[in-house]
Amino acid sequence: MDIHNIVVLTGAGISAESGLATFRGADGLWCGHKVEEVATPEAYAENPGLVQAFYNARRRQLREVAPNAAHHALAELAARWHGNFLLVTQNVDDLHDRALAQTMPGHGFRLIHMHGELTKARCNQTGHVRECHEDLPADGNWRPHIVWFGEMPLEMDSISRALRQADLFLSIGTSGNVYPAAGFVAEARAAGAHTVELNLEPSLGMSFFAERRYGRATEHVPAFVAELLQR
Ligand code: APR
């Protein structure tokens with residue numbers, strides 16, 4: 001099959017081996033909390049102190065982790081792929097950004113953080129988004145630049161356009177629980193793309209994927225990228 005346009009979707013599983021917790025672990029909690037306690041606009045309105053403290057802790061944790069072999073392999077693919085390549089992540093960590101910056105310094109490679117970014121803050125009044133590497137106070141004007149449940153994911157038009165033109169759709173480290181991301185595989189498939197899932201275990205959408213490989217991202221992603229670049 002002739003592949004020119006690639007769209008990759010990643011989820012929490014790609015950062016797990018860097019030491020960041022996934023959302024739907026065995027205990028059903030995200031770092032000790034139910035998602036509705038910390039990841040909804042209602043939670044922020046009712047208990048801004050708890051929500052800010054939660055995301056402050058997640059932001060601080062980024063300083064203790066580094067991109068792993070799977071992030072680096074995707075950065076290499078982005079740098080070397082001859083056709084179009086779009087990386088869409090549901091992750092709010094900055095590990096893809098850091099891997100890309102190491103592999104492609106100075107290149108304005110486009111990575112879409114569809115669920116927002118821990119390293120940015122958004123003004124409650126104006127919606128203005130700025131870089132943020134410090135703790136945010138409970139009573140300020142700035143909220144984490146995170147797409148919470150009930151809010152609209154970012155850059156959906158660009159993502160849909162890329163999915164309609166995709167020849168290969170690759171889904172990595174996501175459980176397929178959260179829409180619209182969980183529906184991307186069906187969109188890409190309808191557009192005629194070859195669809196591949198790389199995950200620790202079968203996701204909810206597994207039957208939509210033409211090809212499936214199960215195991216750790218740090219093993220499967222570098223291997224898959226090497227195969228692609230050898231074609
Ligand atoms: N390698 C590959 N996959 C892994 C690994 C690993 N080392 N470790 C875990 N996984 C897989 C799990 O098997 C699981 O299927 O990663 C997936 C992670 O799933 P979730 O925790 O549900 O994370 P994700 O799919 O990214 O969640 C989507 O939900 O809470 C919201 O907004 C949040 O972006 C998030 C969205």
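Q: In which sense does H5 pass H9, left-handed or right-handed?
A: H5 passes H9 in a left-handed crossing. A crossing is left-handed if the near helix is turned anticlockwise from the far one by less than a right angle, and right-handed if clockwise. Helices (H or I, at least four residues) and strands (E, at least two) are DSSP runs, numbered from the N terminus.

Q: What should I know about the model itself?
A: It is a predicted model, in which local features need pLDDT of at least 70 and side-chain atom pairs count only at pLDDT 80 or more, while totals for chains, interfaces and linings use all residues. Residues are numbered from 1 along each chain as its sequence is written, and side-chain values use heavy atoms, without hydrogens and water.

Q: At what angle do H5 and H9 pack?
A: Helix H5 (residues 69–80) packs with helix H9 (residues 217–230) at about 15 degrees, and their axes lie 7 Å apart. Therefore H5 is roughly parallel to H9. Angles under 35 degrees count as roughly parallel, over 145 as roughly antiparallel, 65 to 115 as roughly perpendicular and the rest as oblique. Axes are lines fitted to C-alpha atoms, for helices over the stretch in contact, and angles run from 0 to 180 degrees between N-to-C directions.

Q: Which residues in H5 meet H9?
A: Among them are Ala73, Leu74 and Leu77, and the H9 residues they face include Val221 and Leu228. Contact means heavy atoms within 4.5 Å.

Q: New topic: which strands form the open sheet?
A: Three strands form it in the order S5-S4-S6, with antiparallel pairing. S5 and S6 are the edge strands, each pairing on one side only. Two strands pair if DSSP finds at least two bridges between them.

Q: What packs on that sheet?
A: Helix H4 (residues 48–61) does, touching S4 and S6, and its direction makes about 55 degrees with that of S6.

Q: How many bridges does S4 have with S6?
A: S4 and strand S6 (residues 142–146) share five bridges.

Q: Why is S4 described as largely enclosed?
A: Seven of the eight residues of S4 (residues 116–123) are buried, so the rest of the structure largely encloses this strand. Buried means under 20% relative accessible area, exposed over 50%, partly exposed in between (1.4 Å probe, protein chains only).
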